[in-house]
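Here is a chain to go through by question and answer.

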Amino acid sequence: MLERLELDPAGIREFLGGAEVRALVDGVAEDLRARVRARLPPGTRVEIKAYTTDRGAASVTVADVRGMAWQARHGILTRSAGEAGIEVKDWRSG
């Protein structure tokens with residue numbers, strides 16, 4: 001029986017900043033890009049920007065002037081993220 005659990009903050013930081021998490025994030029971003037592309041006219045650019053904060057992260061962007069309108073009308077990014085199991089939160093809500 002487990003009597004006590006101690007977290008290792010340095011180990012957690014190392015894991016979150018490691019190659020395994022980076023590969024996982026990159027794979028999810030690629031999946032999301034494919035889902036978004038399926039909702040758009042052929043040839044529309046969908047870009048991934050990989051970056052690092054305290055862990056690996058990525059953003060997926062529709063690189064087309066119509067992208068914001070498609071999101072507003074059809075929720076192309078939000079719906080695609082939901083299908084991929086990604087929880088979408090309003091950044092303004094903290």
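Predicted model: local features only at pLDDT ≥ 70, side-chain atom pairs only at ≥ 80, totals over all residues.

Residues are numbered from 1 along each chain as its sequence is written, and side-chain values use heavy atoms, with hydrogens and water left out.

Q: Which class does H74 fall in, and why?
A: H74 counts as partly exposed because its relative accessibility is 45%. H74 belongs to helix α3.

Q: What makes E3 buried or exposed?
A: The relative accessible area of E3 is 78%, and therefore E3 is exposed. E3 is found in the segment before α1 (9-16).

Q: What does L40 touch, leaving out residues up to four places away in sequence?
A: Contact means heavy atoms within 4.5 Å. On that rule L40 touches V46, V62, W70 and I76. Between L40 and G67, 27 residues apart in sequence, the C-alpha to C-alpha distance is 9.2 Å.

Q: What makes a set of residues a nonpolar core, and which residues form the largest one?
A: The term is kept for buried Ala, Val, Leu, Ile, Met, Phe, Trp, Tyr and Cys residues joined through side-chain atoms within 4.5 Å. The largest such core here has ten residues: A29, L32, V36, L40, V46, V60, V62, W70, I76 and A81. Two or more residues each come from α2 (19-37), β2 (56-62) and α4 (76-83), and α2 gives the largest share, three residues. Beyond its neighbours within four places in sequence, V36 contacts V46, V62, I76, L77 and S80.

Q: How is the packing of α3 and α4 described?
A: Two packed helices are described by the angle between their axes and the distance between the axes. Axes are lines fitted to C-alpha atoms, for helices over the stretch in contact, and angles run from 0 to 180 degrees between N-to-C directions. For α3 (residues 67-74) and α4 the angle is about 65° and the axes are 6 Å apart. In this contact, G67, W70, Q71 and H74 of α3 meet I76, L77, T78 and R79 of α4.

Q: Which residues lie nearest the centre of the largest pocket?
A: On a 1 Å grid over the protein atoms alone, a pocket is an open set of points where a 1.4 Å probe fits, with protein on both sides within 12 Å along at least five of seven lines; lining residues have an atom within 4 Å of a point. The largest pocket has 19 lining residues, and L32, A58, A81, I86 and E87 lie nearest its centre. The largest share of the lining, five residues, is from β2.

Key
Buried < 20%, exposed > 50% of the residue type's maximum accessible area, 1.4 Å probe, protein only. Helix = DSSP H or I, 4+ residues; strand = E, 2+ residues; numbered from the N terminus.
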